[in-house]
Each structure stands twice: as structure tokens, then as C-alpha cells.
Amino acid sequence: MLNHTFAPVFDEHSRILILGTFPSVKSREQGFYYGHPQNRFWKILAGLLKEPLPVTINDKKELLLKHRIAIWDVVAACDIVGSSDSSIRNVVPADMPRVLDHAPVQQIFANGGKAYSLYQKYAYPVTGREAVKLPSSSPANARWQMEQLLEDWEQILKYL
């Protein structure tokens, strides 16, 4: 069983919450979200927000908080093979009230189908709040071109 080892990013101004599943091997090594160089999460946000691509963990946190974005994962602990979301088993869900009780989140977004289904199964019964499924920024979602991802992710902007 692996434990999620880094905290959610949010503050008292966060208006949206973007949820992933569980950190990839690269993210676990770096100790921060979306650490795989081929993951397009940071490119998507930088493009939508008209900001330079953040490089350091500090840059990434600043980008998120500046634009009132919270990020976290649905899973606090699980059994997982490598970075494969499809191998996630024995889920211990994250404590969603940790963010939702302390930030004025207007909308929850799930980064991909697996994050959405895990949210529906484990978090929705606790929060009672609907999540919007976005196409995954993962390199495993290769059929989605960057332009298409930007177009689909653009819906986050109306809450910021």
C-alpha cells in the first residue's frame, strides 16, 4: 500500500478544485503533482491562463494560488502498479472536507475518467457535490491533441 505524501494546494481564495487520481511514479519522486515531463497539466493551465510555463514546485504553487485553483487527488492511499490508474486497488479516499470546508470552491473538476469514477464512488457520497469530468492531461491519453485539451479545459475559466 502506498500513501499520498504531499498536501493539497489551496487557500481561502480557491474557487475550483481539480482532482487527479494518485501521484505517478515521477510525481512521487518529485513530491508534487503532475511531475511526469510528458503530462500536459501544467502546459494546459499555462496556456489557458496566459502565463509562462511553471518550472519549479514553487512556480507551480504560485500559478495555482494566483488563479484561485486548488489541486489534489481523490486517493489518499492505494495499491498501484507503477503509475497505472487502471491498476489502482484497495482505495483509501482523500479527506475532501480538508479542502472543501476551508476554501470557497464553486466547482470540482476531475482530471480524466478514472479520477471522475473514483470521485463518484468515494467522494461524492461524502461531499454531495457534482464533479465535471475533463479529458485527462496524462501522456497515456495520447489521442487527445493539445488544442483539443485546451478547448475542453477552457470551461474552468468561467469559475476563476
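Strands β2 and β6 pair in the parallel sense, joined by 4 bridges. In this predicted model, one of the contacts between them sets Leu17 against its bridge partner in β6, Ile108. On β3 (residues 69-73), β2 forms 5 bridges, and these two strands also run parallel. Leu17 stands opposite Ala70 in β3, while the bridge partner of Gly20 in that strand is Asp73.

These pairings belong to an open sheet of 4 strands, ordered β3-β2-β6-β7 and paired in parallel. The edges are held by β3 and β7 (131-134); each has a single partner strand, so one side of each has no neighbour in the sheet. From one strand to the next, the twist averages 25°.

**Burial of β2**

In a regular strand, side chains alternate between the two faces of the sheet. In β2, Ile16, Ile18 and Gly20 lie on one side, Leu17 and Leu19 lie on the other, and all of them are buried. Because 5 of the 5 residues of β2 are buried, the strand is largely enclosed by the rest of the structure.

**Aromatic pairs**

A pair of aromatic rings is described by the distance of the centres and the angle of the planes. The structure holds 9 aromatic pairs. Two of them are set out here.

| Pair | Distance of centres | Angle of planes | Geometry |
|---|---|---|---|
| Phe6 and Tyr33 | 4.8 Å | 85° | edge-to-face |
| Phe109 and Tyr159 | 5.8 Å | 70° | edge-to-face |

With its planes at 85°, the pair of Phe6 and Tyr33 counts as edge-to-face because the angle is over 60 degrees. Phe6 sits in the loop between β1 (2-3) and β2 (16-20), and Tyr33 in the loop between α1 (25-30) and α2 (41-49), so the pair ties together parts 27 residues apart in sequence. Both Phe6 and Tyr33 are buried.

The planes of Phe109 and Tyr159 are at 70°, so this pair is edge-to-face as well. Here too, distant parts of the chain are linked: Phe109 is in strand β6 (residues 107-111) and Tyr159 in the segment after α6 (146-153), 50 residues apart. Phe109 has a relative accessible area of 0% and is therefore buried.

Phe6 and Tyr33 are also members of one aromatic cluster, together with Phe32, Tyr34, Phe41, Trp42 and Trp153.

Key:
Residues are numbered from 1 along each chain as its sequence is written. This is a predicted model: local features need pLDDT of at least 70, side-chain atom pairs count only at pLDDT 80 or more; totals for chains, interfaces and linings use all residues. Side-chain values use heavy atoms; hydrogens and water are left out. Rings of Phe, Tyr and Trp (its six-membered ring) pair if their centres lie within 6.5 Å; planes under 30 degrees apart count as stacked, over 60 as edge-to-face and the rest as tilted. Buried means under 20% relative accessible area, exposed over 50%, partly exposed in between (1.4 Å probe, protein chains only). Two strands pair if DSSP finds at least two bridges between them. Axes are lines fitted to C-alpha atoms, for helices over the stretch in contact, and angles run from 0 to 180 degrees between N-to-C directions.
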